[in-house]
Amino acid sequence: MAGFWFQQALLPGGWADGVRMVEQGGVIAAVTAGTAPEPTDERHAIALPGLPNLHSHAFQRGMAGLAEVRGPGEDSFWTWREVMYRFAHRIGPDEMQAIAAMAFVEMLEGGFTRVGEFHYIHQDVDGAAYANPAEMGAKLAAAAAETGIALTLLPVLYQYGGFGGQAPGPGQKRFLNSIDGFARVVEASRAAVATLPDGLVGVAPHSLRAVTPESLSFVPALAAGGPIHIHIAEQIKEVADCHAWSGQRPVAWLFDHADVDGQWCLVHATHMDAAETAKLAASGAVAGLCPITEANLGDGIFNGRDYQAAGGLFGIGSDSNVLIDAAEELRSMEYAQRLAHRARNVLGRADTPSTGRVLFEGALAGGARALGQKDVGLTVGAAADFVTLDATQPSLAARRGDALLDGFIFAGQRMVDGVWRRGRRVVSGGRHIVRDAVAARYRLALGTILS
């Protein structure tokens, strides 16, 4: 049992002063506001719940910055994808673990305490199956165990190279599975995370480009009640190709052919018309937004203003991990809306004027739902996953309550001072406790991959 005391903390009902929290067995056992610290309590100025990172491809952290070179023609998501394919085909299991551990260290340092790993490298470099169907997933689980981040592993069903069951290309051979093979991957993934505290498994049909209607129909049973994630409508070309194949846009087609509800997360729902926006918002599903990556890839801008007005749920993800920072993801989400509408505080609400508070609490609730996390926040029964901010940062000076969140998200950088997972401190002074060892293995792995 451990006791913590915070001058200010963001509780489910809002900000409170003088908050004492008791952790027992990794779970929050008691929360009391307006009280003095006990003599043995660990004391901090500002506490927030850790945020869920609902969409990550951890291995792509290793190629961050390598695709920022213009090719002979116009660059796009599709040319970036070719770079990603070449990088993915040089990664073995040991390199996967080393890169994922580095990404997870940076996620924890950036304020994320759970990650949804959208994982699609299932086969060996020649496309042959590993003896363990979840060989690579087990390496992701090992990286999570070393760093302490909570993991929702989302093995990906990937079968085809385009809408309507088009043949896959050579760059996709490590991703492919039959339905039976994928069922074995899911089963082995459950074994891989079984020893992780709070480890969960969902399933992820990669996209409507990579599955057929028939194979998509198997997904709910394989999910067994866990989360279901899918890439959807990320690119204009993707929308056009879907329409050419089916006569419908991707989100409209999905709602007409699957029972989309709160079990689902639609990642990169960037290009939706008004009817699709309203339908997703009313469904209980979560829009998985990755503003930094979506800007990096030139995807476009999510229809955030109308989606929020319709009451839609959202969460944030670091996706390609070109840069990992929870506050910057939230800032980028709001700034994209400001650029699109030539306005300010677009996602602030009349009942919650602080834009930072709206963004943070929205990402917390939506991300938790998308990753299957039942209890979340600084509340009794939830895992003791929390973040403290460095109160000496100039942008937090003389602030209280929501102004702290606005300062954290919009007015500073790297303000996370401490991070606890299940009550164990994993980040101190802004650095993960195993950063040096993880970074050394990461450098060796990158040396092998890029040599």
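Student: What is the strand order of the open sheet of eight strands?

Tutor: In this predicted model, the open sheet runs β3-β2-β1-β4-β14-β15-β16-β17, with mixed pairing.

Student: What makes β3 and β17 stand at the edges?

Tutor: Each has a single partner strand, so one side of β3 (27-32) and one side of β17 (431-432) are left without a neighbour in the sheet.

Student: How do you know that β15 and β16 pair?

Tutor: Pairing requires at least two bridges between two strands. Three bridges join β15 (residues 416-421) to β16 (residues 424-428), so the two strands, which run antiparallel, count as paired. The bridge partner of W420 in β16 is R425.

Student: Why is the contact between D198 and R421 called a salt bridge?

Tutor: The closest N and O atoms of D198 and R421 are 3.0 Å apart, and the cut-off is within 4 Å; therefore the pair qualifies. D198 lies in the loop between α4 (179-193) and β8 (200-201), whereas R421 belongs to strand β15, 223 residues apart. D198, D385, R421 and R422 are linked in a network of salt bridges.

Student: Why is R421 called buried?

Tutor: R421 has 5% relative accessibility, and buried means under 20%; therefore R421 counts as buried. D198, at 27%, is partly exposed.

Student: Is D94 buried or exposed?

Tutor: The relative accessible area of D94 is 56%, and exposed means over 50%; therefore D94 is exposed.

Definitions and conventions: Residues are numbered from 1 along each chain as its sequence is written. This is a predicted model: local features need pLDDT of at least 70, side-chain atom pairs count only at pLDDT 80 or more; totals for chains, interfaces and linings use all residues. Side-chain values use heavy atoms; hydrogens and water are left out. Helices (H or I, at least four residues) and strands (E, at least two) are DSSP runs, numbered from the N terminus. Buried means under 20% relative accessible area, exposed over 50%, partly exposed in between (1.4 Å probe, protein chains only). A salt bridge is a side-chain nitrogen of Lys or Arg within 4 Å of a carboxyl oxygen of Asp or Glu.
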